[in-house]
Amino acid sequence: YVRFHLISPLIQQSAENIVLFDTFVNILSHNLGEPAYEADVAQLEYKLVAGEYGLIIRVKGFNHKLPLLFQLIIDYLSDFSFTPAVFEMITEQLKKTYYNILIKPETLAKDVRLLILEHGRWSMIDKYQTLMKGLSIEALSTFVTAFKSQLFVEGLVQGNFTS
């Protein structure tokens, strides 16, 4: 089991940054779909989660091939690229995801409660409105470059691994 949390102060600075971060993580997951398929068949699991303060990378499975899967994820993260078609597809999916959260009373109530309790939190309404105004490909590229330049990393490795 390997878990790394790539923390960046950049994410919580604005609603636009949060939306750009969500877009980045979704595109990264999309890009990894085909290359990581063989790892999935070999019973290795990975998950990329857009956490509140950064990207959470979870990898688990048989220890002798786990570093290869983790390296694949890091390679795709460091050489991040996307096409305009993928960008459009992911932003449309995010619009639906945000909208579905807004129309469910229990998730909207949770979001409002956390907005009241947590300092510096951006509401789902802010994120949805930002996304509806439109994001540019250039803004995403600039955000990803800035995100990668301002990272703090926490990690946990459990299992049959040497230091």
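Welcome to a predicted model in which Val-112, Ile-116 and Leu-117 form a nonpolar patch on the surface, their accessible area together coming to about 330 Å². Elsewhere there is a largest nonpolar core of 40 residues, a set of nine aromatic pairs and five salt bridges. Here is a tour, topic by topic.

**The surface patch**

- Leu-117, one of the patch residues, sits in helix H5, which covers residues 105-117.
- Its relative accessibility is 63%, so Leu-117 counts as exposed, the cut-off for that class being over 50%.
- For background, nonpolar side chains in soluble globular proteins tend to be buried together.

**The largest nonpolar core**

- Among the 40 residues of this core, Phe-24 and Leu-55 are the ones that touch the most other members.
- Two or more residues each come from strand S1 (2-7), H1, strand S3 (54-60), helix H3 (66-78), helix H4 (84-103), helix H6 (124-133) and H7.
- The top contributor is H1, which gives nine residues to the core.
- Leaving aside residues up to four places away in sequence, Phe-24 touches Leu-77, Phe-80, Leu-140, Val-144 and Phe-147.

**Leu-20 in helix H1**

- Leu-20 has its place in helix H1 and is buried, with a relative accessible area of 3%.
- Its contacts are Leu-135, Ala-139, Leu-140 and Phe-143, again not counting residues up to four places away in sequence.
- From Leu-20 to Ala-146 there are 126 residues in sequence, yet the C-alpha to C-alpha distance is 12 Å.

**Aromatic pairs**

- Searching the whole structure turns up nine aromatic pairs.
- In one of them, Phe-21 and Phe-147 have ring centres 5.5 Å apart and planes at 45 degrees, so this pair is tilted.
- That pair links distant parts of the chain, with Phe-21 in helix H1 (residues 15-32) and Phe-147 in helix H7 (residues 137-149), 126 residues apart.
- Both Phe-21 and Phe-147 are buried.
- Phe-80 and Phe-82 also make a tilted pair, because their ring centres lie 5.5 Å apart and their planes meet at 45 degrees.
- Phe-80 is buried too, at a relative accessible area of 13%.
- Ring pairs join Phe-21, Phe-24, Phe-80, Phe-82, Phe-87, Phe-143 and Phe-147 into a cluster.

**Salt bridges**

- The structure has five salt bridges, and Arg-121 makes one of them with Glu-52, the closest N and O atoms being 3.5 Å apart.
- Arg-121 lies in the loop between H5 and H6, while Glu-52 lies in the loop between strand S2 (45-50) and S3, so their bridge ties together parts that are 69 residues apart in sequence.
- Both partners count as partly exposed: Arg-121 at 22% relative accessibility and Glu-52 at 34%.
- Arg-121 also meets Asp-111 in a salt bridge, at 3.9 Å from N to O.
- This second bridge connects the loop between H5 and H6 with helix H5, its partners being ten residues apart.
- Asp-111 counts as buried, with 7% relative accessibility.
- Through shared partners, salt bridges join Glu-52, Asp-111, Glu-118 and Arg-121 into one network.
- Glu-92 forms a salt bridge with Lys-95, with the closest N and O atoms 3.2 Å apart.
- Glu-92 and Lys-95 are three residues apart in helix H4, which means they are separated by about one helical turn.
- Glu-92 is partly exposed at a relative accessible area of 38%, and Lys-95 is partly exposed at 22%.

Note on methods. Residues are numbered from 1 along each chain as its sequence is written. This is a predicted model: local features need pLDDT of at least 70, side-chain atom pairs count only at pLDDT 80 or more; totals for chains, interfaces and linings use all residues. Side-chain values use heavy atoms; hydrogens and water are left out. Rings of Phe, Tyr and Trp (its six-membered ring) pair if their centres lie within 6.5 Å; planes under 30 degrees apart count as stacked, over 60 as edge-to-face and the rest as tilted. Helices (H or I, at least four residues) and strands (E, at least two) are DSSP runs, numbered from the N terminus. Buried means under 20% relative accessible area, exposed over 50%, partly exposed in between (1.4 Å probe, protein chains only). A nonpolar core is a set of buried Ala, Val, Leu, Ile, Met, Phe, Trp, Tyr and Cys residues joined through side-chain atoms within 4.5 Å. Contact means heavy atoms within 4.5 Å. Patches are made of residues with over 30% relative accessible area and no salt bridge: like charges are joined within 9 Å, nonpolar side chains (Val, Leu, Ile, Met, Phe, Trp, Tyr) within 5 Å. Accessible areas come from the Shrake-Rupley method with a 1.4 Å probe; for residues, only the protein chains shown count as cover. A salt bridge is a side-chain nitrogen of Lys or Arg within 4 Å of a carboxyl oxygen of Asp or Glu.
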